[in-house]
Amino acid sequence: MVLVKEYRICMPLTVEEYKIGQLYMIARHSLEQSDDGEGVEVIENKECFDPEHGKGQYTEKRIHLSRIYEEMLKTRIIDHVDIAFEEPAEKHYKKEEDPKFFKSRITGRGPLVEGWRQTDSPMMCSYKLVEASFEVWGLQTRVEDFIQKCIRDVLLLGHRQAFAWIDEWHGMSIDDVRMYEKDKQMEANDKMRQSLPPALETDKTQESN
């Protein structure tokens with residue numbers, strides 16, 4: 001059985017701001033988190049057009065994971081992610097990126113306090129539908145839960161950073177952020193490849209007759 005979850009992430013941003021902030025966050029986050037054999041490698045990133053939904057961006061990414069988490073995420077269909085009062089793994093925590101303490105110099109938004117999702121303005125909600133499928137008997141449930149937990153961890157950290165970095169991306173145009181994205185993708189891919197273990201080499205010898 002495929003494990004499907006819908007993550008709902010409220011953000012103190014407008015929808016237009018989120019479009020820019022998410023692109024900036026993904027590019028910078030991918031670069032910062034690509035290390036020790038783990039991270040995101042961008043394979044392809046290009047504009048696309050769908051007859052029904054219109055213009056969009058097609059992105060193919062390869063996620064490298066080298067560690068297995070002990071705790072498994074409980075199965076739920078809808079999962080509300082609170083960027084302020086849920087904290088990422090200790091190794092990723094930075095006080096300057098904590099929405100409970102961060103205040104934007106440019107927009108004046110923050111810090112986020114208890115009940116912020118009901119009181120702050122502007123406010124929008126990002127919906128992320130994630131399907132995890134690992135059809136191997138005896139491992140399916142554990143691995144699918146593990147995949148979903150990894151995705152949730154990335155979503156939590158990334159959206160905290162999108163808000164905490166608002167003073168760096170606020171005011172960017174879509175062209176500005178696409179250029180930034182392209183530069184960071186190249187850096188992240190290079191960093192990712194350098195951190196991966198070297199491929200096994202097979203020596204081939206030819207015997208002369």
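Tutor: On a 1 Å grid over the protein atoms alone, a cavity is a set of points where a 1.4 Å probe fits but cannot get out. This is a predicted model, in which local features need pLDDT of at least 70, side-chain atom pairs count only at pLDDT 80 or more, and totals for chains, interfaces and linings use all residues. Residues are numbered from 1 along each chain as its sequence is written, and side-chain values use heavy atoms, without hydrogens and water.

Student: What volume does the largest cavity have?

Tutor: A search of the whole structure finds one cavity of 30 Å³ or more. Its lining residues (an atom within 4 Å of a point) include Pro88, His92, Tyr93 and Arg160. With volume taken as the space filled by probe spheres set on the points, which are joined across faces, edges and corners, the largest cavity has about 30 Å³.

Student: Which residue in E5 stands opposite Cys10?

Tutor: Strands are DSSP runs of at least two residues, numbered from the N terminus, and two of them pair if DSSP finds at least two bridges between them. Strand E1 (residues 3–11) pairs with E5 in the antiparallel sense over nine bridges. In E5, the residue opposite Cys10 is Cys125.

Student: Is Leu129 buried or exposed?

Tutor: Leu129 belongs to strand E5, which covers residues 124–132. Buried means under 20% relative accessible area and exposed over 50%, with partly exposed in between (1.4 Å probe, protein chains only). Because its relative accessibility is 65%, Leu129 counts as exposed.

Notes
Helix = DSSP H or I, 4+ residues; strand = E, 2+ residues; numbered from the N terminus. 1 Å grid on protein atoms, 1.4 Å probe; cavity = no way out; pocket = protein on both sides within 12 Å on 5 of 7 lines; lining within 4 Å.
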